[in-house]
Amino acid sequence: MPRTLAEELRTRPDDALAALLRARPDLLSPVPNDLTQLATRAGTRASVVRAVERLDRFAQQTAEALAVAPDPCSYETLRDLLTGDAGPEEPGAPGAPKGAGPTSAPGPTPAPAPASGIGAPLGAEERAAVVAELPRAVATLREQALVWGGDDRLRLVRTARELLAPSPTSPSPTGLGPTVQEATSGMSPGRLQELLAAAGESPTHDPVTAATALAELFRDRARMAALLDGAPEGAAAVLAKLTWGPPYGETSVASPTPPVGWLLDHGLLLPSGPRNVVLPREVALHLRHGRAHRAPEPLAPELSPTIAHDPQVVDNTAAGQTFTALATVEELLGQWETAGPPVLRAGGLSVRDLKRTAVVLDVSEPVAAFWIELAHAAGLVAADGQTDERYAPTPAYDDWLRLPAEERWARLTAAWLPATRTPGLVGGRDSRGRTLAALGPELDRSPAPEVRRRVLELLATLPHGAAAAPDVLLARLRWERPHGHRGATGSAAATPGAVSSSGPAYGATASAAAYAPGGAAEAAPTGGDLRSRLARWAVAEAEMLGVTGRGALSAHGRALLERHPDEPTAAGSELASAQAARLLAPLLPEPLDHVLLQADLTAVAPGPLERPLAATLGILADVESKGGATVYRFTPESVRRALDAGRTADDVHTFLTAHSRTPVPQPLAYLVDDVARKHGRLRIGAASAYLRCDDDALLAEILADRRSAGLRLRRLAPTVLAAQAPPDTLLEGLRAMGYAPAAESAEGDVLVSRPEAQRTPPRKPPAPVPEGPPVPDATLLGAAVRAIRAGDLAATAPHKPTAGAGAGPETASGSRTGTGTGTGTKAGSGAGSGSAASGDRLPRTTSADTLATMQAAALTGSNVWIGYVNANGAATQRVIAPVRVEGGFVTAYDHTADEVRTYPLHRITGAAELAEDAP
């Protein structure tokens, strides 16, 4: 029978140790030297908190029950704490206080239980479910080294017990209070004897036995039922409000009400202060019918109800959304490549620029923040690093544009899945009350990738075409990852008449809908509220990206989740993205090389256009509406924009004729010719600025126009006007007045005004901020287990006393200090000089003794335990089999490293031969 966690870990096979390290990867940072160090690290508070918070709901409830159970606890006792007593129709059902339920003792008929009273025992089906799932929960706790020992002596590691057990400042998630022994620790012996006498028990000789006798009374169902039958009116209501927690209530201990006074006199309530009382744990368990939780949750909530769709409709809908996503990202970066927004001094995008971007994209501000953050995560946009820093597309954007549509989508989703940046938080407040900005520095949330992937995995468990409501997914996620290890709410002192009867605060209502304005308030990174919002955002983002369609996972979305166990994580993700792109490609429409021109000065693109056609049409016309078909509208301003870009009227007519499946309408041809005839008649150059025109009547008209007063024009010659404004201001002013001027160079040539596309220097995409250490792969796990086993061999193998030192009797080394299990320090290895008994100490021998030991071992082929200090000054202990000793070096097979190595003798602090029975 193991006496410590370290001893039990030594009995586990290698695959069980690998499972422990896989479930708790923080234990590998760095790799422990031996199993004792692994056990010690597994009992540290930070590691235990992380492990407990990652348990599912029922495994966590099992750990909570162990925390309030005796230590050690048998499997049967644990099962009874989770299932409680049998129902009233079954033999052995416990009694209940009068006014709170049925009683097993004769007496007057009790009053009906109040609505907030004590709950009924679990039904037969609920008990059966708990019994069926309990082995799995215990196995999970054992696998993660949170519980150790046989079924007859289950022990929760000390740190987990301290974390989950009730205390006045930190209530238990079960809602239970302290034991009678703990609650009466400061009570006078006389008062304890009075409590025993009031309960009809015989007096004892000391406070310890008195508290024990009182606790045994409260555990006895029959005697407790008889005691509660004599309770006055109102006592049952007080007990009912404290039964499920919090167990503390506020009342005057010196002058209590009659019901509270009777409960205090009989020990059913115990004082915890001048104005506070507490319900002892044994009393609460009796009132709860013996169970620790009001509602055990052994089974995960089902993903139902679901909505069934035709799988082909789901895939087509998702593909259509994919096309919209690509078009939106292109439109966003197309705008930013000529007029990128400035970077705030604290980093990020200003609220005003976010609003402008949302207007351009014709989406809400939260959705615009998502597309901006997605492009940033994919490495397509970044800050340019200039003095007047602005956001602009990166060179990777040009490479991305050259890819086929399905591969561009795969690049976006490959950046979205592992991203820790959370655009849903944009617009909320941080802990200091500052607004969180898009592209700002405080949007990383480590749980985001895990929640995002888990939401998709849950959708993948449904039949193809089936969709589940977000609330259904949230209920499942809350069961798999409850909201922390402290679920009880309420203050430590509450009025008995108003004590909340609610249990632990797991499963809180989800916050505002995904991407709803004002729904981005800050939450703690590990808080359940944040995980709920992350799940809702993941559902909305998957729909916008085309990973899902109508709420159901698409075929190409399922391919994104495929894992390739033989491939590294990065390579496996690339293979999954490539497979998803192959499935998406047949669903995407082929780009079109034509539009349909209409007589109302519009052009309809019945599908996605080829990029050169879309770029030219975007200059020549304005987008009026988007969707499956895009509608462009021709206006004088849009045609003038094309002429300003260097095109002539003939070029425009030729373009429209070549790319229209319908004849060019006469109104559109007249519009182009009319704008072209006016375009360039007025020429603007730099004087400060001048305006010239061969038509002096037109210049006279401009001078007479009141709208030109701000330009401060004056005539220099019949065909020339001078302005006291820059050329660009003059150009915009005249265009606002309805004219079509053109800028000219110093030589008199028309200047073509093409906006210059900006690019940043090469930038890397933002790296995700992981939540703790990454999960190790099989290769690392295998190497770590071998190293721990070898180090444990070196630390625990018995060895012979070293020469020249007073050696104690040879002993087999056990584990070192107990690891949260209540055990003490065991004997260490056999003693060498200066190293007796401690497995952590390195052996110490003289240089001559070390050399002699090595030479003897090389001749006999025996193993040697050595202490070794490497070039960095790190001290380790190893078990080696010397092969050759010469030139100040020893060549040996190192059992710790599982390879042949050469060690300088001057770095060996000491050596001792292993005992005959050593492995």
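Reply: Helices here are DSSP runs of at least four residues, strands are DSSP runs of at least two, and both are numbered from the N terminus. The model is predicted.

Start with Ala145. This residue lies in the loop between helix H7 and strand E1 (147-148). Buried means under 20% relative accessible area. Ala145 has 0% relative accessibility, so it counts as buried.

H7 covers residues 124-143 and packs with helix H5, residues 57-68. Two packed helices are described by the angle between their axes and the distance between the axes. Here the angle is about 80°, and the axes are 9 Å apart. Angles of 65 to 115 degrees count as roughly perpendicular, so H5 is roughly perpendicular to H7. From H5 come Phe58, Ala59, Thr62, Ala63 and Leu66. They meet Val130, Glu133, Leu134, Arg136, Ala137, Val138 and Leu141 in H7. By class, the contact of H5 with H7 has nine nonpolar residues, one polar and two charged.

H7 has a further link. Helix H2 (residues 14-23) has Leu17, Ala18, Ala19, Leu20 and Leu21 buried. The buried residues of H2 pack against H7, and also against helix H1 (5-11), helix H3 (35-42) and helix H32 (778-796).

What follows H5? Pro72 sits in the loop between H5 and helix H6 (75-83). The peptide bond joining Asp71 and Pro72 is cis, with omega about 0°. Another cis bond runs from Ser304 to Pro305, with omega near 5°. Pro305 is in the loop between helix H15 (281-287) and strand E6 (306-308).

Next, compare the helix pair above with H17 and H18. Helix H17 (residues 351-361) and helix H18 (residues 365-377) pack at about 95°, with axes 9 Å apart. They are therefore roughly perpendicular to each other. H17 brings Leu354, Lys355, Thr357 and Ala358 to the contact. H18 brings Glu365, Ala368, Ala369 and Ile372. The residues of this contact divide into five nonpolar, one polar and two charged.

Positive phi comes up again at Leu439. This residue is not a glycine, yet its phi is about 65°. Leu439 lies in the loop between helix H20 (405-416) and helix H21 (448-460). Its relative accessible area is 9%, so Leu439 is buried.

The side chain of His594 has a polar contact of 3.3 Å with the side chain of Asp593. It has another with the side chain of Arg661, at 3.5 Å. Beyond four places in sequence, His594 is in contact with Pro606, Leu609, Leu613, His659 and Arg661.

Where does E12 lead? E12 belongs to an open sheet of four strands, in the order E12-E13-E15-E14, with antiparallel pairing. E12 and strand E14 (622-625) stand at the edges with a single partner strand each, so one side of each has no neighbour in the sheet. Neighbouring strands of this sheet are turned by 30° against each other on average, direction ignored. E14 pairs with strand E15 (residues 630-633) over three antiparallel bridges. Val623 stands opposite Tyr632 in E15.

Finish with strand E21, residues 864-869. Five of its six residues are buried, so E21 is largely enclosed by the rest of the structure. Tyr868 lies in E21, and this tyrosine is buried at 10% relative accessible area. The C-alpha atoms of Tyr868 and Pro904 are separated by 9.4 Å, though the two are 36 residues apart along the chain.

E21 pairs with strand E22 (residues 875-886) in the antiparallel sense, over six bridges. Gly867 stands opposite Gln877 in E22. The hairpin of E21 and E22 has five residues between the strands, and there Gly873 takes a positive phi near 85°. E21 also runs antiparallel to strand E25 (residues 908-913), joined by five bridges. In E25, Ala912 is the bridge partner of Trp865.

Methods
Residues are numbered from 1 along each chain as its sequence is written. This is a predicted model: local features need pLDDT of at least 70, side-chain atom pairs count only at pLDDT 80 or more; totals for chains, interfaces and linings use all residues. Side-chain values use heavy atoms; hydrogens and water are left out. Axes are lines fitted to C-alpha atoms, for helices over the stretch in contact, and angles run from 0 to 180 degrees between N-to-C directions. Angles under 35 degrees count as roughly parallel, over 145 as roughly antiparallel, 65 to 115 as roughly perpendicular and the rest as oblique. Contact means heavy atoms within 4.5 Å. Ala, Val, Leu, Ile, Met, Phe, Trp, Tyr, Cys and Pro count as nonpolar, Asp, Glu, Lys and Arg as charged, and the others, Gly among them, as polar. A polar contact is a pair of N or O atoms within 3.5 Å; within protein, one must be able to donate a hydrogen and the other to accept it, and residues adjacent in sequence count only if both atoms are side-chain atoms. Buried means under 20% relative accessible area, exposed over 50%, partly exposed in between (1.4 Å probe, protein chains only). Two strands pair if DSSP finds at least two bridges between them.
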